[in-house]
Amino acid sequence: MPQVWVTMPDGQEHRGTLYERRQTATGWVYWIGIVLWRSLDPDRPEPGEYCAWMPADKLAPLPGTDYSAVPTTYLTPLDVPAPSPRPVRIEPATEWRVVEDRHAYGSDIRRTSVHRADCWAAEGGQVLDTEAAARDAMRRPQARGCILCGTDQSLS
């Protein structure tokens, strides 16, 4: 594999090995390896390779080096749209749940949240079987709708 000059964060330059290059939405990145000292045993330091993805502005080619054999991954063409996901069909709620939220110790503020009965964030609480009752629960002082199951939008 060909060698490149790698600029370290403190400005030092080291010679590294270029293994792969990839085009990303923000530019090119390069998979490089630099041999550094490592000490698995404190009495026996030995050379070991450190590998990382590096941005293009931190590398420089070595003059006269051929980089044509380096594996290269290009972005897919932007004019080919990705298939759009199927729309998720959300069934209308038939039951709601009013749950008392956690509150600070010694606090007089008691907040409640209104959820769909099938919301994973709703545990316990009072079950309401009409939308009118759920809307009334939303009008209580310190009440709020759940952003996870959408009652903050559907009951507002």
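Mentor: The model is predicted, and the questions below take its labels one at a time.

Trainee: Why is D101 called buried?

Mentor: The relative accessible area of D101 is 16%. Buried means under 20%, so D101 falls in that class. D101 sits in the loop between β7 (96–100) and β8 (112–116).

Trainee: What makes the pair D101 and R144 a polar contact?

Mentor: Their side chains are joined at 3.2 Å. The limit for a pair of N or O atoms is 3.5 Å, so the distance qualifies. R144 is also one of the residues in contact with D101 when neighbours within four places in sequence are left aside, together with R111, T112 and S113.

Trainee: Which residues make up the largest nonpolar core?

Mentor: There are 11: V4, V6, L18, Y30, I32, I34, M54, L59, L62, Y67 and V70. Two or more residues come from each of β1 (3–7) and β3 (27–41), and β3 gives the most, with 3.

Trainee: How do you know that I34 touches V6?

Mentor: Contact means heavy atoms within 4.5 Å, so the pair must meet that limit. Beyond four places in sequence, I34 also touches M8, H14, R15, G16, G48, E49 and Y50.

Trainee: Which residues make the nonpolar surface patch?

Mentor: W120, I147 and L148 make the patch, about 430 Å². L148 is in the loop between β10 (143–145) and α2 (151–154).

Notes:
Residues are numbered from 1 along each chain as its sequence is written. This is a predicted model: local features need pLDDT of at least 70, side-chain atom pairs count only at pLDDT 80 or more; totals for chains, interfaces and linings use all residues. Side-chain values use heavy atoms; hydrogens and water are left out. Patches are made of residues with over 30% relative accessible area and no salt bridge: like charges are joined within 9 Å, nonpolar side chains (Val, Leu, Ile, Met, Phe, Trp, Tyr) within 5 Å. Accessible areas come from the Shrake-Rupley method with a 1.4 Å probe; for residues, only the protein chains shown count as cover. A salt bridge is a side-chain nitrogen of Lys or Arg within 4 Å of a carboxyl oxygen of Asp or Glu. Helices (H or I, at least four residues) and strands (E, at least two) are DSSP runs, numbered from the N terminus. A nonpolar core is a set of buried Ala, Val, Leu, Ile, Met, Phe, Trp, Tyr and Cys residues joined through side-chain atoms within 4.5 Å. Buried means under 20% relative accessible area, exposed over 50%, partly exposed in between (1.4 Å probe, protein chains only). A polar contact is a pair of N or O atoms within 3.5 Å; within protein, one must be able to donate a hydrogen and the other to accept it, and residues adjacent in sequence count only if both atoms are side-chain atoms.
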